[in-house]
Amino acid sequence: MSMDRRKFLKLLGVSGAVMALGGALPPIARFVAPNIPKPAAEKPPRAKLVWEDGTPVKASELEVNKAYVFHYPMRDTYSILINVGDENGNPVEIPELEIPLLMQPLGQEPQPPTPEALDAVKAAGRGGVYRIPGGVGPHKSIIAYNAVCQHFACQYPQLTYFPPGQVPPQSFPETRKGSILYCYCHGSVYDPYRGAAVLRGPAQRPLPAIELEWDPATDELYAVNIVGNVITGKFCNTCGKLVGTRVTVKPA
Ligand code: FES
């Protein structure tokens, strides 16, 4: 083989390796940095919640402390709908709240941040803050969260709701017995009463909230937006096809 031919083949091999590596870099980068806050590219539609037979979901039909699921904002990712209540089955009003995207420290019952703490977060520009929509319905107790875990994006049914008194099979040191959103993949725990704030890691950010609307005249419910952190890395909860103007709700 001539020198030129050998050089040419060597060059070809090196270029091939560089091209292959270049192609692999974006997915590798996305894998190692999965949680990059980024707003949804397109605002999701205002979608009416309906049962599987097509009849509208009425707020008064939703059992207290029971979870329901529906696809929102994307056709292939679930959100969890809960009429949250206390251990006696009484609905609990969920107030609108402004919270930091990064709600620490982990493992403690999160409290609504003080105005000073919020100002500090805003000034530092660390992850920003967002407004959790309050509960809707006659008792302002109906809320919904996107059921894509903020750790490595495990989704419902791996990420699911445990009502008051029911604890996940894996033990963990929280005092709270139930009333949590729990991820089976690596044990993250979120607080449905306070914007799905993290009660236990490894997740570090709250689940995005689904903004709901309630029509008091008809008792019907609508999903209108997703707010908070969205995952845009290895997995994505705002990629793909958006839902239409009706979404089907079923018991979880
Ligand atoms: S993906 Fe949920 S805890 Fe890891």
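Visitor: Which strands make up the open sheet of four, and in what order?
Guide: In this predicted model, the open sheet runs β7-β8-β9-β10, and the pairing is antiparallel.

Visitor: And which strands sit at the edges?
Guide: Those are β7, residues 159-162, and β10, residues 197-200. Each of these edge strands pairs on one side only.

Visitor: What's the average twist?
Guide: From one strand to the next, the twist averages 35°.

Visitor: How many bridges join β9 to β10?
Guide: Three bridges join them, with β9 covering residues 189-191. If you want a pair to look for, find valine 189, which stands opposite arginine 200 in β10.

Visitor: What holds strands of a sheet together, in general?
Guide: Strands pair through backbone hydrogen bonds, either parallel or antiparallel.

Visitor: Okay, zooming out. How many helices and strands does the protein have?
Guide: The protein has two helices and 14 strands.

Visitor: What share of the residues is buried?
Guide: Of the 252 residues, 35% are buried.

Visitor: Which residues touch the most other members of the largest nonpolar core?
Guide: That core has 55 residues, and the ones touching the most other members are Val69, Ile80, Tyr145, Leu181, Tyr190 and Ala223.

Visitor: Let's pick leucine 181. What does it touch?
Guide: Leaving out residues up to four places away in sequence, leucine 181 touches Ile80, Tyr145, Leu159, Tyr161, Tyr190, Pro192, Ala196 and Leu207.

How values were computed. Residues numbered from 1 in each chain as written. Predicted model: local features only at pLDDT ≥ 70, side-chain atom pairs only at ≥ 80, totals over all residues. Core = buried A, V, L, I, M, F, W, Y, C linked by C-beta atoms within 7 Å. Buried ≥ 20, exposed ≤ 12 C-beta atoms within 10 Å, placed from the backbone. Contact = placed C-beta atoms within 7 Å. Pairing = 2+ DSSP bridges. Axes fitted to C-alpha atoms, helices over the stretch in contact; angles between N-to-C directions.
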